[in-house]
Amino acid sequence: MENKTIARTLRLLSQLMELHEENPFKIKSIANAYFKVDKLPFALKDKPLDELDKIDGIGKGLASKIVELLQTGALQELNEILERTPEGIVEMLAIKGIGPKKIFIIWRTLGIESIGELYYACNENRLIEAKGFGLKTQEEIKNAIEFKLAANGRFLYAQVEGFAKTLFIQLANWAGKIDKDVILGFAGQYRRACEIVDELEIVIGTENSDVIKQKLPAFEALSLIEAQQAYICTTEAGLRIKIFVVEKSAFYLEWFTLTGNKEHAEKVLALAGGGPFANEEEIYSKAGLAFIEPELREDFNEIELAKANKLPTLIQYKDLKGSLHNHSTWSDGVHTLEQMAVYCKENLNLQYLGICDHSKTAVYAKGLNEQRVFGQHQEIDELNEKLAPFKIFKGIESDILNDGSLDYPDEILKTFDFVVASVHSNLRMDEAKATARLLKAIENPYTTILGHPTGRLLLSRAGYPIDYKKIIDACAANKVVIEINANPLRLDLDWRWHRYALEKGVLLSVNPDAHRTEGFHDMHYGILVGRKGGLSADKCLNAFSLEEIAAYFDGKGFGFRV
C-alpha cells in the first residue's frame with residue numbers, strides 16, 4: 001500500500017469521526033497524521049513495522065493503524081464508522097469546497113443524505129436557511145456537484161442544451177464556409193429530447209464531404225479523431241460527441257436512422273425501403289405512416305398510432321397559459337409573491353400563477369402554519385386587485401404524511417383554490433407502503449394535483465417504488481391531476497407512463513416547481529418530456545385558459561373541456 005492510499009484512508013477516518021462528533025483531540029491527531037504521511041520522503045511499506053511509531057508525528061496509536069492497513073489492506077475502525085454513515089454522505093466528502101462541518105449541518109439539520117438531494121436543495125434555495133451557508137456558498141456547492149456528476153459521462157438534457165446549441169452554430173458556420181448548401185442536424189438522444197444524454201450526435205450532409213472530412217479533425221471547437229464512420233471526441237467535461245459526414249443525397253436517411261432508437265428505425269425502413277429520400281416526411285409517407293415527431297420515436301406504440309392516423313398533436317411551449325406549483329419567500333423561494341406574479345405576467349405573458357408554498361410539516365422550508373396561510377391569502381387578494389386581469393390562485397404544496405393524510409385539517413384545505421399533494425419525507429418505503437400512502441392522499445377530496453409522484457432525482461436518486469397503474473387508476477377515479485415536475489432533475493412523472501395516464505383520462509400539468517423567477521423556464525423541459533409521453537394541449541391543465549382553469553378549480557374536475 002502506497003503512502004497516498006494510507007494518507008487518504010486516515011483523512012477519511014478523521015472526516016467521518018468529525019461527522020459523528022467523536023473525540024476532537026483524536027480527530028486532530030489523525031488529521032495531522034494524514035498530512036504527515038502524505039509528505040513523507042520514503043515509503044512506509046519499506047520501513048520495519050516496529051519502527052513506525054518512531055517517525056515524527058506518528059505515535060503508537062497511529063502506527064498500529066498504519067500497520068493494520070499495511071498488513072490487511074483495511075482498517076476495522078473505519079469500516080465500523082462507515083456502517084453508521086449513509087453512502088451518500090461519504091460521497092459528499094469528495095466534493096470540493098464542502099468539509100465535514102458543512103456536511104454535518106447538511107445531514108443532521110437539513111436531513112439530506114445524497115448528492116442528488118443536495119443538488120436539488122441548492123436549486124430550491126434551501127441551503128441558505130442553514131447556519132454558515134449563504135447564496136455564494138450554495139452556488140459554489142451547486143457548481144462543484146455539477147462538475148462531479150459530469151465526470152460520470154451522463155448528463156441531464158438541461159446540462160447539455162446550452163453547449164449543444166453553441167456547438168451547432170459554430171459547426172454550421174464553419175461547414176457553411178466550405179459548402180454554402182450544407183445541411184446538418186442533431187440526431188440520437190438529444191434530438192429525441194431524452195431526459196438523460198450520454199452523447200451528442202450530429203449529421204452533416206454535403207456535396208463536399210471529402211473536403212469537410214479532411215478539415216473536420218482541425219475544427220476549432222473540438223479535438224476529433226475518425227472512428228466507426230464518425231468523428232468522435234470527448235469534451236473536457238466528459239460529454240462524448242459524434243459527427244457523421246455523409247453525401248447530401250443520403251442525409252435524410254442517415255439523419256432518420258440515427259435519430260430514432262434502433263427498433264423504431266428498423267421497423268419504419270422495413271416499410272419505406274432504402275431511399276434516397278427528399279426529407280423525413282417522405283420516409284414516413286412511403287412507409288404508409290403519418291409523420292412521427294422525433295420525441296416519439298422510442299418504439300412504444302407510435303408506429304401503430306401512425307398507421308391508424310391517431311397520433312396526438314403534441315403540446316408546444318406556446319400552448320401554456322399559466323404556471324402552477326411555484327414557491328415564494330413565504331416559504332423557501334428567492335423572490336416575493338409579487339415578483340413571481342409580475343414575472344409571469346410581464347415576461348412570460350401568462351394569464352395566471354398558482355402559488356404553492358410549502359405546508360407546515362416542511363419546517364426546513366419555512367412551511368406555512370395556519371396563521372401564515374391566512375396572511376398569504378390576504379396578500380394574494382391585494383395582488384389580484386392590483387394585477388387584474390392576471391390572477392394568482394391560492395395553492396399549497398401539502399406534505400403527504402406517513403399515513404397518507406395531508407398536513408392541514410379540512411377547514412384549512414378548503415380555503416385553497418387547489419392543493420398539490422407531495423411526499424417529502426420518509427422516502428425509504430417498499431412498493432406496498434408507498435402505493436398505499438399515495439392512494440390515501442389521492443382519495444382526499446381536497447387533493448387537486450399529485451406532485452412529483454415518485455420523488456426521483458435523475459442520476460442520483462431512484463424514486464420510491466410505486467404501482468404505477470394503481471396510482472394512475474386512482475387519479476382517474478378521483479379526478480386528480482398528475483404533475484410533470486419540470487425541474488430537469490426530476491421530470492417526474494416519467495414520460496413512459498404519460499400515455500397510460502392519458503388513456504385513462506387523467507390530466508397532466510407541466511409544473512416548474514419554481515423557487516425563483518428563472519425557474520419558470522424549466523417548463524420548457526417539462527414540455528419536452530410531455531411531448532415524449534404523447535401529451536396534447538387539451539390534456540394539460542395549465543394549457544387551460546384563465547376562465548377554463550378557474551371553472552376547473554371551482555368544480556374540481558367537473559366541467560373541464562374534453
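Seven strands, paired in the parallel sense, make up an open sheet whose order is β8-β9-β10-β11-β12-β13-β14. At its edges stand β8 (322-326) and β14 (508-511), each with a single partner strand, so one side of each is left without a neighbour in the sheet. Helix α16 (residues 337-347) packs on this sheet, where it touches β8, β9 (352-355) and β10 (391-399), and its direction makes about 145° with that of β9. Strand β13 (residues 481-485) pairs with β14 in the parallel sense over four bridges, and Glu483 stands opposite Ser509 in β14.

The model is predicted, so local features need pLDDT of at least 70 and side-chain atom pairs count only at pLDDT 80 or more, while totals for chains, interfaces and linings use all residues. Residues are numbered from 1 along each chain as its sequence is written, and side-chain values use heavy atoms, with hydrogens and water left out.

As to terms, helices (H or I, at least four residues) and strands (E, at least two) are DSSP runs numbered from the N terminus, and two strands pair if DSSP finds at least two bridges between them. Contact means heavy atoms within 4.5 Å; axes are lines fitted to C-alpha atoms, for helices over the stretch in contact, with angles from 0 to 180 degrees between N-to-C directions.

Strand β7 (residues 240-247) is largely enclosed by the rest of the structure, because six of its eight residues are buried (under 20% relative accessible area, with a 1.4 Å probe and protein chains only). Strand β4 (residues 199-206) pairs with β7 in the parallel sense over eight bridges, and Gly205 has Val246 as its bridge partner in β7. Strand β6 (residues 230-234) runs antiparallel to β7 and is joined to β7 by four bridges, with Thr234 partnered by Arg240. Five residues lie between the strands in the hairpin of β6 and β7, where Gly238 takes a positive phi near 105°.

| Largest | about 830 Å³ | Glu113, Ser114, Glu117, Leu427, Arg461 |

A pocket is an open set of points on a 1 Å grid over the protein atoms alone, where a 1.4 Å probe fits, with protein on both sides within 12 Å along at least five of seven lines; lining residues have an atom within 4 Å of a point. Grid points are joined across faces, edges and corners, and a volume is the space filled by probe spheres set on the points. Helix α7 gives the most to the lining of the largest pocket, with five residues, whereas α8 gives the largest share, four residues, to that of the second largest pocket.

Conventions
Buried means under 20% relative accessible area, exposed over 50%, partly exposed in between (1.4 Å probe, protein chains only).
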